[in-house]
Structures are given as structure tokens and as C-alpha cells.
2 protein chains.
Amino acid sequence: MTPPLPPESLTQRLADSGLRATPQREVVYSVLLRKRDHPTAEEVFARVKAELPTISLATVYNCLETLVQCELVRAVNFERSPTRYCPNLRPHAHFHDEQTGRTYDIDLPPAVLAEVNHVLPAGFDASSVEITFRGQARPAS
Amino acid sequence: MTPPLPPESLTQRLADSGLRATPQREVVYSVLLRKRDHPTAEEVFARVKAELPTISLATVYNCLETLVQCELVRAVNFERSPTRYCPNLRPHAHFHDEQTGRTYDIDLPPAVLAEVNHVLPAGFDASSVEITFRGQARPAS
DNA sequence: CTTGGAATTGGAATTATTCCAAAGAGCGAA
DNA sequence: TTCGCTCTTTGGAATAATTCCAATTCCAAG
Ligand SMILES: [Mn+2]
Ligand SMILES: [Mn+2]
Ligand SMILES: [Zn+2]
Ligand SMILES: [Zn+2]
């Protein structure tokens, strides 16, 4: 009974990049883990303020950027709407519900990922793939 | 010897949507067809000005939006960089070369598309999928 | 204790895009 | 034809997410 992917220690990951674990970074990250609804920077800002009332929006942007660099968080974009942030580290696609605006994680089996990468002709060396669905969701859960 | 997908007449498509074929719309569309390098609105603006020196940037945005509505053109976004425009109507993914910034069309076989759609759990009804690769390209052609 | 680099902060700046109100065009009815 | 209505274009102002900047503040090492 292994714990489900022991979440990489924030402090550890930051250290690996030669960065410090600050209260701001810790709270921003914990807010993302607590409610995984792909919030925007503004939404993260609002949630973090509850714990750190004096944090600035600029800092939230800085922290999010840092977390993305450390690969603890993914930045997700739909068209030109504000960037959303996702702490799910498993390979997954995103489903954007056009009615509600909600975003869902869709697990991507390695086999499918492989299949998708096979469409690339010789000479194309992909470092990442991104798959985004758009439509209507009525999730079972 | 059928012509390769007789490009839907712009005039026809516009009429279908109850819209008029204007010189501005025609030139914007022809510019997209002429050089399929996924230009931004600003780039389209520059190219169109050669033929219609008095066109405004607002009109270019309007025309592009119209062409997207008519489904003659796809809007393509990479992160938060300016939207790019693509007149390729076949199902295809995009490959974004991180070095050069160039964008390549990658044909998507129906089988792969089907496979990808199969990752959706019950309750998720997708109206479209978007696949984007990022990496380094050394295209054969 | 110092002190130098890292991090945060508030506010200004940037920039792609949208909005707006006024002027121009095209077309069918009279 | 002319009129009137609607669609379209246009230039400039406004918007909004994000980035930039310069001034503190923080902190860990010496
Ligand atoms: Mn939406
Ligand atoms: Mn790029
Ligand atoms: Zn996600
Ligand atoms: Zn394309």
C-alpha cells in the first residue's frame, strides 16, 4: 500500500533549483493542492490572501512562475483567457466545459501518448504534447 | 483527377452565414492561403496593407474573426503569445518549434483522433480536440 | 552583528485584443 | 433613381492579463 505518489517536497524541489522555500511560495503551492480546480492567478491571489493578507499579486505571479519552473505545477491555457494552474503531475489532458467554464483532468494512458507521438514525421523532436478537449461535461463523480 | 479539396468559396461560406464578401475579407483570406505560415493578426495586417493600403488593424481582427466563425480558418494559440491563423481545414495538430518560433501542421489520421477521443470517460462530450507539440523541428522538406 | 544575494512589493508599463461611435457601402423596395 | 436599412469599416480609446521596475525586506553565511 504505497502512498499515491508522495508529493515532491516543495522545499526539496526549490532547493534543487537553488531557490528558497518562502512562506509565499509554500502557501501558493498549498492553495493549489487544496482545491484542484485550475484557478487563475487572480483566484490564487484571493485564496492566498486569507492566509497571507499582505501578499501582492506580483508575488503570486512570481511564485506560480517559480512552481512551473520547478515542474511542480502546470500552466494551462484556453484560447486567450487567463492562464490557469494545475498541480497534477501525471500525464493528463484537459477538458474545458464551454457552458460552465470548468476544467477537468483527463488521464492519458502511456499507450495513447505513444500513439499520438507517432503522428510526428521524421525530423520533429517533441519535448512535450498538450491535448485539450472542448465540449460539454456531465462528470460521473 | 479531382482538385485537392476545392476550397470552399469564400463568398459562398459568407453567404451561408448571411455575411457579405468584402474586399477586406477577400484579401485577408487570400493572404492566409498564399503563405501558410500561421501569421499573427499584425503580420496579416502588414501583408494585406500591400494590397489594401488603407485597411485598419481593427478590420483585420474583424475579418479574421469572421473567417473563424465561417470555419474557413482556425485560430491557433501557444501559451499567451498572439493568436495565429491557419487556413488548413484538414484535421491536424500543431508543432511549435521553440527555437525558431515556427509552426508546422501535422496531419492527424482519423484512427489516432479516434484513439484520443477514447480517453474520455462517460459523461464527457467533446466538440473538438486540440493537439499541440512543442520541441525542435528539422523538417524534411 | 555585517552583508550580499534572493525575494517581495506597489505601482507603472506593456501589449494583444476589444470596444465604441462615426462614416461608408451595398442592396432591395418604392 | 433614390431612400432607408443593415452590414462593414475605421481610428482611437479602453480593457485586462501579465510583466517590468525600483525600492524595500528577508535571510543565510561568514
Ligand atoms: Mn470557456
Ligand atoms: Mn516560441
Ligand atoms: Zn490539470
Ligand atoms: Zn495549422
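Which residue stands opposite B:Asp97 in E5(B)? In this predicted model, the residue opposite B:Asp97 is B:Gly135, and the two strands concerned, E3 (residues 92-97) and E5 (residues 124-137) of chain B, pair in the parallel sense over four bridges.

**The sheet and its helices**

This pairing belongs to an open, mixed sheet of six strands, whose order is E4(A)-E3(A)-E5(A)-E5(B)-E3(B)-E4(B). The edges are formed by strand E4 (103-107) of chain A and strand E4 (103-107) of chain B, each of which pairs on one side only. From one strand to the next, the twist averages 30°. Helix H5 (residues 110-117) of chain A packs on the sheet, where it touches E5 of chain A and E5 of chain B, with a direction at about 115° to that of E5(A). Helix H5 (residues 110-117) of chain B also touches E5 of chain A and E5 of chain B, and its direction makes about 115° with that of E5(B).

**The surface near DNA strand D**

DNA strand D is surrounded by 17 residues, the closest being A:Tyr61, A:Thr83, B:Thr22, B:Arg25 and B:Thr59. Of the DNA strand D atoms within 4 Å of the protein, 77% belong to sugar or phosphate, while the rest belong to bases.

| Protein N or O atom | Atom of DNA strand D | Distance |
|---|---|---|
| B:Thr22, side chain | phosphate oxygen | 2.5 Å |
| B:Gln24, side chain | sugar or linking oxygen | 3.2 Å |
| B:Thr54, backbone | phosphate oxygen | 3.5 Å |

Two or more residues of this surface come from each of helix H4 (57-69) of chain A, helix H2 (23-34) of chain B and helix H4 (57-69) of chain B, and H4(B) gives the largest share, three residues. By class, the surface near DNA strand D comprises six nonpolar, seven polar and four charged residues.

Technical notes
Residues are numbered from 1 along each chain as its sequence is written. Chains are lettered from A and ligands numbered from 1 in the order in which they are written. This is a predicted model: local features need pLDDT of at least 70, side-chain atom pairs count only at pLDDT 80 or more; totals for chains, interfaces and linings use all residues. Side-chain values use heavy atoms; hydrogens and water are left out. Two strands pair if DSSP finds at least two bridges between them. Axes are lines fitted to C-alpha atoms, for helices over the stretch in contact, and angles run from 0 to 180 degrees between N-to-C directions. Contact means heavy atoms within 4.5 Å. A residue is near a molecule or strand if one of its heavy atoms lies within 4 Å of it. A polar contact is a pair of N or O atoms within 3.5 Å; within protein, one must be able to donate a hydrogen and the other to accept it, and residues adjacent in sequence count only if both atoms are side-chain atoms. Ala, Val, Leu, Ile, Met, Phe, Trp, Tyr, Cys and Pro count as nonpolar, Asp, Glu, Lys and Arg as charged, and the others, Gly among them, as polar.
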